[in-house]
Amino acid sequence: MGSSIRWKTTLPLGILSAFLLLFPKIVGSYFLHLAVSAILAMILASSWDILARTGQVSVGQAGLFGIGAYASALLYRKFSMPPVLGMLAGALIATAVSIFLGYLTLRLRGIYFSITTIAFAEALTVIWLMTPDITGGAMGVSTPPLFGGDREKAYYLILAALAAAVAVVRLIEKSRLNFAFTAIRENEEVANVLGINSTKYKVLAFMISAFFTGFAGGFYSHYNTYIIPYEVFNLGISIACLVIPIFGGLYTIAGPIIGTVLIKTIEEYLRVTFSYGHQIAYGLILVLVVLFMPEGLLGLWRGKILPLFRPHGTR
Amino acid sequence: MRKDESPKMALLQVDRLTKHFGGLTAAHDVSFHVDSREIVSLIGPNGAGKTTIFNLISGVYRPNSGDIRLGGESIAGLRPYDICRKGVGRTFQIMQPFPKMTVLENVVTSALFGRTPKVSMKTAEGEAAELCRLVGLGDKLKAYPKSLTVPDQKRTEIARALAVRPKLLLLDEVMSGLTPTETDEAIRLVLKLREAGSTILLIEHVMKVVMGISDRVIVLHHGEKISEGPPSRVVDDPKVIEAYLGKLVNEEGGTAC
C-alpha cells in the first residue's frame, strides 16, 4: 500500500473524527439524540457484521442486546452498580451467553443457526415475562437518566464505544482472524481440512459480536431510562442489525456506518412524512438492496459509480 | 502378494478401514501403507472408494471401523483440522480455492492455520509466496481463482496443501482435465515435491501418470482393495484387468473418467 493511498484515508478520517468530536457543540439536543441512536445502530450493525464474516447470519442479536440492557439495568437497581461499569458487565454477560449459545448452535450450518438465534431472542422475552420477580416482567425496569441527563456525555461515551468497535474490526482485518473468518465463510469444509477449527472461530466471532451488542444494550437501557422485554428483545432490533450492513456493504468497516446514516435518514424522513412510515423502511430497503444491489452501497460505489470517473480502459 | 506390514515403520498405515453410508459400503476392510518419500497411487473405476479413503484419512469422514496411523500415531476419527496440523495436506477432486481470496491469500490461509507450531503472518506470507513460485504461480500471486486456468487452479490447490508442510500429501486427481503438456508439467512438479522430501498418495485416472511416477499402485474396486504392487505388476493382474483396465483397452487406451 503506497503512501499516497495512506494519505487518502488518513485525511478524511481526521476530518471525520474532528467533526464527530465537535458535533455536540454545533447541533441542538434533537440532532444529538439522533446521532446517539445512529451511533448505537452503527455499533449493532458492525457487531453483526463481525459474525457475518464467518458466514453466520444471526437473526437474534436482540437477545444479546436485551441481555446487556437488562444486566446493566438490574445491576444498577439491585447493587447500585455505576452505569458505565454496568454496561461493561452487560457486555461481558452477553459474551458469556454467546459462548454457551455458540457452542450449542454454531456447529449447525447456515439457516439452522439463524433459526436458532431467532428462537433464542424470542425465548428470552417469554422467560422475562415469566419471571417478574427477578426481571421486572412486562413492567420493565427503570433507571435514572445517564450522566444526570447530560446528552453530550452520553454522546461521547457511545462514540468511544463505536471507536472501540471499529478498532477491533480493523484489528481483525489485519490479523490472521481475517483469513480464518473468510475461509470459513467461503468454504467451511475446506477450511477445516486446511487446519482451521471452524467452530472455535465462529464462536470467537460471536463473542466479539456479543460483547459490543451487549454494551450497546447496556448503554441503551441507561440512556433510555426505561426498558421492557418487548422492546429490547424485539425482532425489529435483530432485523436492523442485519439490514444495515447488507444495505451499506458486507464485511467492511464503512458499510455498517454508511448504511446507518442513510437508513436513519430515510427512517426519520418517513417518520415525519406519514405515520408509521418508518416501520416500512427496513423491509423496503432490504427488498430493494437484495434485488438491485446485492453488494450494498459500497459495492454499488465501487462497481458502478467509481468507474464512471475513471478514464476508459484503466482499472 | 506382499504383506502390508513393512519392516520399518510406515509413514501412513491404514488398517482394515471400513466406511458405510447407509446400506452402501464405500470402503471395506481396506489396508495399505505408504512409506516415507514414496509415491503411491490409488486407482480404480469410478465409485471404487478412492475419494472416500482420502476423506477418511483427512478426517472429513469418520471410519466405522479400522485404524489410520500417521507416523505410528492413530489419527482415525480426529477432526480434520487436527489431522491437518499433524501433517496431512490434501487437495480436492473438485477444485475449491476460496473465490474471494487471491492465490497468495489462499495459500497464506493454510500456512497460517495448518501448521504446528503456528507461524507469524509475515513468515506465512513469505512461505506462501515461495510455494506459489515452486508450483509455477509466481506471477499470479494477486490473481483471483476464477481468473485462473484449470491447471493454475490445481496449482493453487497444491500450493495450499503444501503450505501446511505435510508429512503426507494427498493429491486427488490433480492431473485430470489437463492437456498432455500440462500433465507433463504436473508430473515434473510431483517428482520435484518428492525430491524435496514429500510423501505422496495420489488418486489418479490418467494411466500415463500412474505408470510413470508411482512406486506402488493400490487398486480399489467396489470399496475393496483388489491388488497392490509396482505399476508393471498391477497392470498384469487379471483381477485388475477385469475390474478396470479391461475397459480401458476397449476404449483404445484413452483415459477413463
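Colleague: What does His222(B) count as, with 16 C-beta neighbours inside 10 Å?
Modeller: His222(B) counts as partly exposed. A residue is buried with 20 or more other C-beta atoms within 10 Å of its own, exposed with 12 or fewer, and partly exposed in between; C-beta atoms are placed from the backbone.
Before we go on, this is a predicted model: local features need pLDDT of at least 70, side-chain atom pairs count only at pLDDT 80 or more, and totals for chains, interfaces and linings use all residues. Residues are numbered from 1 along each chain as its sequence is written, while chains are lettered from A and ligands numbered from 1 in the order in which they are written.

Colleague: Where is His222(B), then?
Modeller: His222(B) sits in the loop between strand S9 (216-221) and strand S10 (224-229) of chain B. Helices (H or I, at least four residues) and strands (E, at least two) are DSSP runs, numbered from the N terminus.

Colleague: How do I read the backbone there?
Modeller: Start with phi. Most residues other than glycine have a negative phi, and most peptide bonds are trans. His222(B) has a positive phi, near 50°. Arg165(B) is not a glycine either, and its phi is positive, about 50°. Arg165(B) belongs to the loop between helix H5 (150-162) and strand S7 (168-172) of chain B. With 18 other C-beta atoms within 10 Å, Arg165(B) is partly exposed.

Colleague: Which residues does a cis peptide bond join?
Modeller: Thr116(B) and Pro117(B), with omega about -10°. Pro117(B) is in the loop between H3 and helix H4 (121-134) of chain B.

Colleague: How do I read chain B as a whole?
Modeller: Count its elements, then check its dimensions. Chain B has nine helices and ten strands. Its radius of gyration is 18 Å, close to the 18 Å from the globule rule for 257 residues, so chain B is as compact as a globular protein of that length. That radius is taken over C-alpha atoms, and the rule is 2.2 Å times the number of residues to the power 0.38. The C-alpha atoms of chain B fill a box of roughly 50 × 40 × 35 Å along the principal axes. Of its 257 residues, 46% count as buried.

Colleague: And contacts?
Modeller: Two residues are in contact if their C-beta atoms, placed from the backbone, lie within 7 Å. In chain B, take the contacts with a separation of 6 or more: residues 24 or more positions apart account for 65% of them.

Colleague: Into which domains is chain B divided?
Modeller: Domain 1 (1-87 + 168-257) and domain 2 (97-165). Such bounds come from an automatic or database domain assignment. The C-alpha centres of these two domains of chain B lie 24 Å apart. Eight residues from domain 1 of chain B and eleven residues from domain 2 of chain B make the contact. On the domain 1 side, H2 and helix H6 (180-195) of chain B give two or more residues each. That side divides into five nonpolar, one polar and two charged residues. Here Ala, Val, Leu, Ile, Met, Phe, Trp, Tyr, Cys and Pro count as nonpolar, Asp, Glu, Lys and Arg as charged, and the others, Gly among them, as polar.

Colleague: How do I read strand pairing?
Modeller: Two strands pair if DSSP finds at least two bridges between them. Take strand S3 (residues 39-43) of chain B: four of its five residues are buried. Four bridges join S3(B) to strand S8 (residues 199-203) of chain B, running parallel. There, Ser41(B) has Leu202(B) as its bridge partner. S3(B) also pairs with S9(B), parallel, over four bridges. Ile43(B) stands opposite Val219(B) in that strand.

Colleague: What order does the open sheet of four strands have?
Modeller: S2-S1-S4-S5 in chain B, with antiparallel pairing. Its edge strands, pairing on one side only, are strand S2 (24-34) and strand S5 (73-74) of chain B. Strand S4 (residues 65-70) of chain B and S5(B) share two antiparallel bridges. Arg69(B) faces Ser74(B) in S5(B).

Colleague: How many residues does each chain give to the contact between chains A and B?
Modeller: Chain B gives 23 residues and chain A gives 15 residues. Helix H2 (80-85) and helix H3 (103-113) of chain B each supply at least two residues of the chain B side. H3(B) gives the most to that side, with six residues. The chain B side divides into 13 nonpolar, five polar and five charged residues.

Colleague: Last one. How do I read a nonpolar core?
Modeller: It is a set of buried Ala, Val, Leu, Ile, Met, Phe, Trp, Tyr and Cys residues joined through C-beta atoms within 7 Å. The largest here has 164 residues; among those with the most contacts inside it are Leu40(A), Phe219(A) and Val107(B). Helix H10 (residues 198-224) of chain A gives the most to this core, with 14 residues. Not counting residues up to four places away in sequence, Leu40(A) touches Ile158(A), Ala216(A), Phe219(A) and Tyr220(A).
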